[in-house]
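Work through the exercises below with the sequence and the 3D structure at hand. Try each task before reading its solution.

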2 protein chains.
Amino acid sequence: MTILQLAHIPTPAALIDEACMMGNIARMQERMAALGVRLRPHVKTTKCVEVARQQEAAGASGITVSTLKEAEQFFAAGFADVLYAVCIPPAKLDRALALRRRGCALTILVDSLPAAQAIVAKGEAERHAFDVMIEVDSDGHRAGVKAAEAKLIDIGGVLHQGGATLKGVMTHAGSSYDLDTPEALRRLAEQERSECVRAAQRLRAAGLPCPEVSVGSTPTALSAATLDGVTEVRAGVYVMFDLVMANVGVCAPQEIALSVLTTVIGHQAEKGWAIVDAGWMAMSRDRGTQRQKLDFCYGIVCDVDGKVTDGLLLTGANQEHGIVSRGDGGVERDIVERFPVGTLLRILPNHACATGAQFPYYHAIGAQGGVQTWRRFDGW
Amino acid sequence: MTILQLAHIPTPAALIDEACMMGNIARMQERMAALGVRLRPHVKTTKCVEVARQQEAAGASGITVSTLKEAEQFFAAGFADVLYAVCIPPAKLDRALALRRRGCALTILVDSLPAAQAIVAKGEAERHAFDVMIEVDSDGHRAGVKAAEAKLIDIGGVLHQGGATLKGVMTHAGSSYDLDTPEALRRLAEQERSECVRAAQRLRAAGLPCPEVSVGSTPTALSAATLDGVTEVRAGVYVMFDLVMANVGVCAPQEIALSVLTTVIGHQAEKGWAIVDAGWMAMSRDRGTQRQKLDFCYGIVCDVDGKVTDGLLLTGANQEHGIVSRGDGGVERDIVERFPVGTLLRILPNHACATGAQFPYYHAIGAQGGVQTWRRFDGW
C-alpha cells in the first residue's frame with residue numbers, strides 16, 4: 001500500500017493488514033487441526049463480524065464472547081453457537097434466556113453454587129434447560145473452581161439434578177501472559193490441559209455428564225505439546241497479535257495485523273520529539289509491555305507502509321497527543337526533516353484487544369491495497 | 001438512591017451522581033467569576049451534550065474540544081463557539097472549513113510555521129479567514145512554542161499577514177497532574193499564566209493582534225492566586241473529578257461524580273477476592289494513580305450507594321473481570337458473606353476521561369433518585 005491509499009482516512013484510525021490477519025488465522029487453525037481439537041475463537045479481541053467470518057471460513061467451530069452484547073450482536077449476524085465465557089450473575093439470566101429462545105445455542109458459565117442454584121431456579125420457573133459449563137481454575141490467576149475441590153462436584157450435581165444441561169468444563173490459563181520462554185509456556189499449557197481434564201474426569205467419575213473440555217489462551221494454544229482429553233481450544237488475540245504477545249514470544253512484530261494510523265501535528269525539535277494525533281484515546285491506556293522484558297511504551301513507530309523504524313517509540317501519550325521519540329532516551333536530531341508536519345505513521349499496539357476497543361471502525365487494507373471499513377461494536 | 005433504583009441497569013455501567021456533578025460545575029464557575037475570567041470547559045472529559053448544557057447554563061462561555069468529531073457533534077447540538085485545542089495538520093483543514101461554513105465559530109490551533117503556512121494557503125485558496133490561536137509551551141510537557149522563541153512572532157506574522165484572524169495564545173500546563181502540594185500547584189499556575197501573558201505581550205509588541213489569552217488545566221485553574229492578563233480558562237476533568245485529582249489534592253473522593261456500577265459474579269474465598277463484571281474494558285486501562293502518593297489500582301470500591309468501603313480496591317482487572325480485594329494486601333475473610341454473588345458495587349475511577357470513554361452511555365442519577373440515560377459519543 002502507499003501513502004495515497006491511506007491519505008483519505010481521517011487519523012487516528014485503526015488499520016488491519018488483511019493478509020497478515022489471514023496468516024494469523026490460518027496458523028492457529030492449522031495448529032488446532034494438527035492437535036486434533038476444535039477452535040472456538042474469542043471474538044472479544046475484535047468485536048467485528050467481518051473478522052469472525054474469516055475465522056469461521058477457516059474452520060472455526062462456534063465463537064467465544066465476553067459480554068452478552070457480543071452474544072446478541074454476533075447471533076444477529078448469524079453466529080448461533082456461542083460460549084459466554086464469563087460467570088453469569090442471576091440478573092443476566094433473563095437476557096441469556098431471551099437469546100436462547102430466539103434460537104441462539106448460548107452456553108453460560110458458573111464457578112459457584114449460588115450462581116448454579118440461580119440458573120436452576122430460573123430454568124424451573126421458565127421451563128427451560130440452560131446449557132452450562134463450569135469454570136475451572138487451572139493457574140490461580142482469576143476465577144474458577146479448582147479441579148480437586150469438592151465444590152466442583154457440588155456445582156455439577158446442582159446443575160444436572162436441577163435440569164440444566166451440563167456441557168462440560170472450561171479453563172483459561174491467563175497467567176500465560178506473564179511468561180516469556182517456550183519451556184515455561186509449554187509447562188503452563190500442560191498444566192491448563194491436565195487440570196481441566198482432571199476436572200472433567202472427576203465429574204464423570206461422579207456420574208455427571210461432561211462432554212466438553214475447553215481450554216485456551218493464545219500463548220498456551222501456540223505452546224501445547226499435546227491436547228489429549230481436550231475437545232476445544234479458545235484463543236482471541238492471535239487474530240491480530242500485539243507487542244505483549246511478541247514479548248511473550250509467540251509472534252514477531254511483523255505478524256501484528258493491527259496498527260494505528262496517525263499524523264504528525266508538530267515537533268519539539270530540541271527534544272527530538274514528533275507530536276502525533278494518536279494519544280491514549282487511540283492507543284488505549286494499555287501499558288502491558290511495561291512489566292515485560294522489552295517496554296515499548298505506547299507502541300512501536302512504523303512508517304506509513306508498516307515498516308518498523310529504527311528505535312522510535314510512542315514514548316508518551318495524552319488524550320489526543322502522542323510523543324514519538326527514541327526509545328533509548330537519545331535525541332532524534334533530524335526529527336523535523338524526517339517526519340514533517342502532515343507525515344503519516346503507523347503505531348503497533350501493546351494490546352490489540354484494548355486498542356481495537358477505542359475505535360468504532362477498523363480500516364482493513366486488502367492485499368491489493370483496497371481499503372474496507374469494518375464496524376466493531378462497543379458497550380455491554 | 002437505593003439498590004432497587006439501580007438494579008435494572010445492566011452492569012457494568014457508568015453512573016453520574018448529578019448533584020455531585022452540579023456541585024463541581026458550580027465550584028469551578030464561581031472560582032472563575034471571582035478571578036474575573038471566562039470559563040471554556042473542555043468537553044473531551046464527557047463528550048456528552050447533557051453535561052455540557054449544564055456547564056453552559058452555569059455560565060460557561062463556549063467549549064473546548066480535542067477532536068473535530070467533538071466539534072461537529074457539539075455544533076450539531078447547538079454549541080457554536082468551539083476551540084479545537086490540538087494543533088491542526090493540513091489534512092484536517094477541509095473538515096474545519098466545512099464546519100465554519102455551516103456557521104460554527106471554530107478556532108483552530110498551531111505551534112509551527114508549516115501548519116500556519118498551510119492554513120494561510122488554504123484560506124487564500126478558499127477565500128476564507130480562519131480563526132487561529134497559537135499554542136504556547138508553558139511547562140515543557142508537550143506541544144507549543146516557548147514564549148521567548150522567535151518562532152512565536154514568525155507564526156503570528158505568517159497568520160496575520162496571510163489573512164487569518166489571529167485570535168490569541170493558549171497554553172495548557174498539563175504537568176500539573178504530576179504535582180501534589182498546594183504550593184507547587186500555585187507556582188505552576190502562576191508560571192502557566194505568566195508565560196502565556198508574556199507570549200501575548202510579545203505578539204502585541206510586534207504589532208500583531210492578540211485579544212485572547214487562554215490558559216488552563218483543572219489543577220492550575222483551582223490553584224491560581226491571580227489570573228491577570230488572562231481572558232479565559234479551560235478545564236475539563238473538574239466536572240467529574242477522579243482519583244488522580246484526589247491525589248493531586250484538588251478534590252475529595254466524595255466529590256467524584258463518576259463511578260462504575262458492577263455486579264459480583266464470583267469469589268476466591270481463600271484469597272479474599274470478590275470477582276466483579278467491571279474489568280479494564282469498563283474502567284479503562286488508566287493506572288494514573290500508580291505513580292502518585294496513593295496507588296488505588298483500578299479504583300476505590302464503594303457500596304451501591306456510593307459509600308467508600310474500608311480499604312477495598314479493584315486490585316486487578318482483565319477485559320471483563322475485576323478483582324475486589326484489600327488494598328493493603330490483607331485477606332478479606334468474610335468476602336463471600338459480605339458481597340454475595342449478585343451484589344451491586346460502585347467503583348471510583350482513576351481517570352474520568354478514560355473511564356467515561358469506555359461507555360456509550362452515562363446513567364445519570366438525579367437528586368431524587370431518578371435515572372436518565374445520556375449518550376456520549378466516540379471516535380474521531
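The place of Pro12(A) is the loop of chain A that runs between α1 (3–6) and β1 (13–17). The model is a predicted one.

**Exercise 1. Find which residues of chain A and chain B are joined by a cis peptide bond to Pro12.**

Solution. Start with chain A: Thr11(A) and Pro12(A) are joined by a cis peptide bond, with omega at about -5°. Most peptide bonds are trans. Next, take chain B: the cis bond there joins Thr11(B) and Pro12(B), and omega is again about -5°. Pro12(B) sits in the loop between α1 (3–6) and β1 (13–17) of chain B.

**Exercise 2. Decide whether Lys47(A) and Phe241(A) are buried or exposed.**

Solution. First, locate the two residues. Lys47(A) is in the loop between β2 (38–39) and α3 (49–57) of chain A, and Phe241(A) is in the loop between β9 (232–233) and α10 (243–248) of chain A. Second, apply the cut-off: a residue is buried if 20 or more other C-beta atoms lie within 10 Å of its own. Lys47(A) has 24 such neighbours inside 10 Å and so counts as buried. Phe241(A) has 29 and so counts as buried too. Third, look at the backbone. Most residues other than glycine have a negative phi. Lys47(A), not a glycine, has a positive phi of about 45°, and phi of Phe241(A) is positive as well, near 60°.

**Exercise 3. Describe where domain 1 of chain A touches domain 2 of chain A.**

Solution. Begin with the bounds: domain 1 covers 3–13 + 251–375, and domain 2 covers 21–238. Their centres, taken over C-alpha atoms, are 34 Å apart. Then count the contacts: 10 residues of domain 1 are in contact with 11 residues of domain 2. On the domain 1 side, the elements giving two or more residues are α13 (352–356) and β17 (371–375) of chain A. The most come from α13(A), with 3 residues. Finally, sort the residues of this side: 5 are nonpolar, 2 polar and 3 charged.

Technical notes:
Residues are numbered from 1 along each chain as its sequence is written. Chains are lettered from A and ligands numbered from 1 in the order in which they are written. This is a predicted model: local features need pLDDT of at least 70, side-chain atom pairs count only at pLDDT 80 or more; totals for chains, interfaces and linings use all residues. Helices (H or I, at least four residues) and strands (E, at least two) are DSSP runs, numbered from the N terminus. A residue is buried if 20 or more other C-beta atoms lie within 10 Å of its own, exposed if 12 or fewer, and partly exposed in between; C-beta atoms are placed from the backbone. Domain bounds come from an automatic or database domain assignment. Two residues are in contact if their C-beta atoms, placed from the backbone, lie within 7 Å. Ala, Val, Leu, Ile, Met, Phe, Trp, Tyr, Cys and Pro count as nonpolar, Asp, Glu, Lys and Arg as charged, and the others, Gly among them, as polar.
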